[in-house]
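Here is a structure to look through together, one question at a time. Each answer sets a value beside the rule that gives it its name.

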Amino acid sequence: MKKIMFILAIAVFFISCSDSNKKQKFLGLKGNPKSIKEIKYDAFEKFGEVIEDDIDEVIHYEFDKTGSIKKIAYYDEDGDMMYSVTNTFKDGVCIESKFYQKYSDATTTSSLKDKTSKSETWEMKTSDGKITTSYSEYDKLKTTIITKDSENNVVSKEEQTKDNKGNIIEVKVYNEDDVVYWYKSTFDDKSQEIEKKMLAGGYDEGIYTYKYDSFDKKGNWIRKIEYKDGEIESLAIREIEY
């Protein structure tokens, strides 16, 4: 479990902080929002209408003025925080990111050590003193991240592929030689995700499709219906602060 959570920390960190993903300001939303609260409900269909049931999770995003993510926090159905990522910026560059998992009361702190136009080196230190180093190389469409321990052994490898609009269309996370997490997404011409195929922990998670049926005045979606293998899975409601 510790290794899986460490790999998750790396994945969430690079999506929210690494300069390889700087093209997606404000997560692609219009209107320069300050924050987003996304509430995900279990859902079912009744008489042709999608009905929200119990809360599954809540995700809260905070942005700085440039559109970079300052903080992401995940909460469970009872409103208790599960984990969070807090990023620190200097002159528009993310220089530190802290991943906190409440269950184990553990923090992984990532610090930027070196940066070029096409690469970054980060030192990652856990609460128990374990130190690893992540090396990322990226161009316009692809990012590769390799993380090694203090003895230069590869801990994990992650590959991200983007389309021309900056949407992440494929992610692969390896634990040694095995893919522990994979997804491939399809987006429409508005950069809204409409399909995702996913593999997690070695298990096929099926095909997810998404329908957007409500938008705010800025044109950002505020209601999204998720289907798994053709059956309604969840309903997401977004509260966006500008």
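Buried means under 20% relative accessible area, exposed means over 50%, and partly exposed lies in between, with a 1.4 Å probe and protein chains only. This is a predicted model, in which local features need pLDDT of at least 70 and side-chain atom pairs count only at pLDDT 80 or more, while totals for chains, interfaces and linings use all residues. Residues are numbered from 1 along each chain as its sequence is written, and side-chain values use heavy atoms, leaving out hydrogens and water.

Q: Why is Gln-192 called buried?
A: Its relative accessibility is 11%, and the limit for buried is under 20%, so Gln-192 counts as buried. You will find Gln-192 in the loop between β12 (178-187) and β13 (193-200); helices (H or I, at least four residues) and strands (E, at least two) are DSSP runs, numbered from the N terminus.

Q: What does Gln-192 touch, not counting residues up to four places away in sequence?
A: With contact meaning heavy atoms within 4.5 Å, Gln-192 touches Thr-186, Phe-187, Tyr-212, Phe-215 and Trp-221.

Q: What makes the pair of Tyr-212 and Trp-221 tilted?
A: Rings of Phe, Tyr and Trp (its six-membered ring) pair if their centres lie within 6.5 Å; planes under 30 degrees apart are stacked, over 60 edge-to-face, and the rest tilted. Here the centres are 5.6 Å apart and the planes meet at 55 degrees, so the pair is tilted.

Q: Are Tyr-212 and Trp-221 buried or exposed?
A: Tyr-212 has a relative accessible area of 14%, so Tyr-212 is buried. Trp-221, at 9%, is buried too.

Q: How do you know that Lys-190 lies over the face of Phe-215?
A: The rule asks for NZ of Lys or CZ of Arg within 6 Å of the ring centre and within 35 degrees of the ring normal. Lys-190 is 5.9 Å from the ring centre of Phe-215 and lies over its face. Likewise, Lys-157 lies over the face of Tyr-174, at 5.8 Å from the ring centre.

Q: Why does Leu-27 count as partly exposed?
A: Leu-27 has 37% relative accessibility, so the label is partly exposed. Leu-27 sits in the loop between α1 (2-16) and β1 (35-46). Beyond residues up to four places away in sequence, Leu-27 touches Ile-36, Tyr-61, Phe-63 and Ile-69.
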